Amino acid sequence: MQRPIQLLSGTGEVISGILCLMRNRHLQDYETVWQDVLLATGQPDRDWSWDYKLRQGERNASDEAYAIEVDNLTQGLMLIETQRHRSQLPQRYPLVYIEALATAPWNRRRLEEPPYLRGVGRTLLLFARQRSLELGLGGRVGLHALPGSEAFYHRNPMPEYDADPEKEDWVSFEYGIIQR
């Protein structure tokens, strides 16, 4: 699976890339290019095990791992779960759950201003919504936000729910059904 995408450079130029299934080359980019920067800058996702997430995407029918590439370099990663999670709403609708979403350090505004690329996280988030539609889940997507990343979901605009004591009090966010 490969989908062409368009992002913006930090200076506003349109940049072409691809959104694809995560592969070993994306993991290698994470381990050799991203990881040291994440550790050195104390990013909250610095300890995430993308090798485990890649294996989950390869082995489990309900887990899917994706990457965004520009010029053969990984710019973003995401793991979604498609069968087990339910909505925060009383009806408990099934939804696509974002287990992890990360952008390369040079695409993060708190590390680079302007970022090298803008829209990587948003593109992954909207792809999760599209995947939910493809799976017949109406566009429903949920997640628990890392502390400090809540503003990103507010800007995208994703409704916020309560902090979840079962998820280290991380705030829950959820897109509802897309009305057609």
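Predicted model: local features only at pLDDT ≥ 70, side-chain atom pairs only at ≥ 80, totals over all residues.

Guide: Residues are numbered from 1 along each chain as its sequence is written, and side-chain values use heavy atoms, with hydrogens and water left out.

Visitor: Why is α1 called roughly antiparallel to α2?

Guide: Helix α1 (residues 24-40) and helix α2 (residues 50-59) pack at an angle of about 165°, with axes 10 Å apart. Angles under 35 degrees count as roughly parallel, over 145 as roughly antiparallel, 65 to 115 as roughly perpendicular and the rest as oblique. The angle of about 165° therefore makes α1 roughly antiparallel to α2.

Visitor: Which residues make the contact of α1 with α2?

Guide: N24, L27, Y30 and E31 of α1 meet W50, D51 and L54 of α2, where contact means heavy atoms within 4.5 Å. By class, four of these residues are nonpolar, one is polar and two are charged.

Visitor: What puts the buried residues of α2 on the same side?

Guide: The buried residues of α2 are W50, K53, L54 and Q56; buried means under 20% relative accessible area, exposed over 50%, and partly exposed in between (1.4 Å probe, protein chains only). They cover an arc of only 155° around the axis, so they lie on the same side of α2. The arc is that of the directions from the helix axis to the C-beta atoms. These buried residues pack against α1, β3 (63-70), β4 (73-81) and β5 (96-103).

Visitor: Why does S172 count as buried?

Guide: S172, in strand β9 (residues 170-175), has 2% relative accessibility and therefore counts as buried. Leaving aside residues up to four places away in sequence, S172 touches Q88, L143, H144, P159, E160, Y161 and D162.

Visitor: Are D71 and N72 buried or exposed?

Guide: D71 counts as exposed because its relative accessibility is 66%, and N72 is exposed, with a relative accessible area of 71%.

Visitor: What is phi of D71, and what is phi of N72?

Guide: Phi of D71 is near 50°, a positive value in a residue other than glycine. For N72, also a residue other than glycine, phi is positive and near 60°.

Visitor: Which residues does a cis peptide bond join?

Guide: The cis peptide bond joins E113 and P114, with omega about 0°. P114 is in the loop between β5 and β6 (117-118).

Technical notes: Axes fitted to C-alpha atoms, helices over the stretch in contact; angles between N-to-C directions. Helix = DSSP H or I, 4+ residues; strand = E, 2+ residues; numbered from the N terminus. Nonpolar A, V, L, I, M, F, W, Y, C, P; charged D, E, K, R; others polar.
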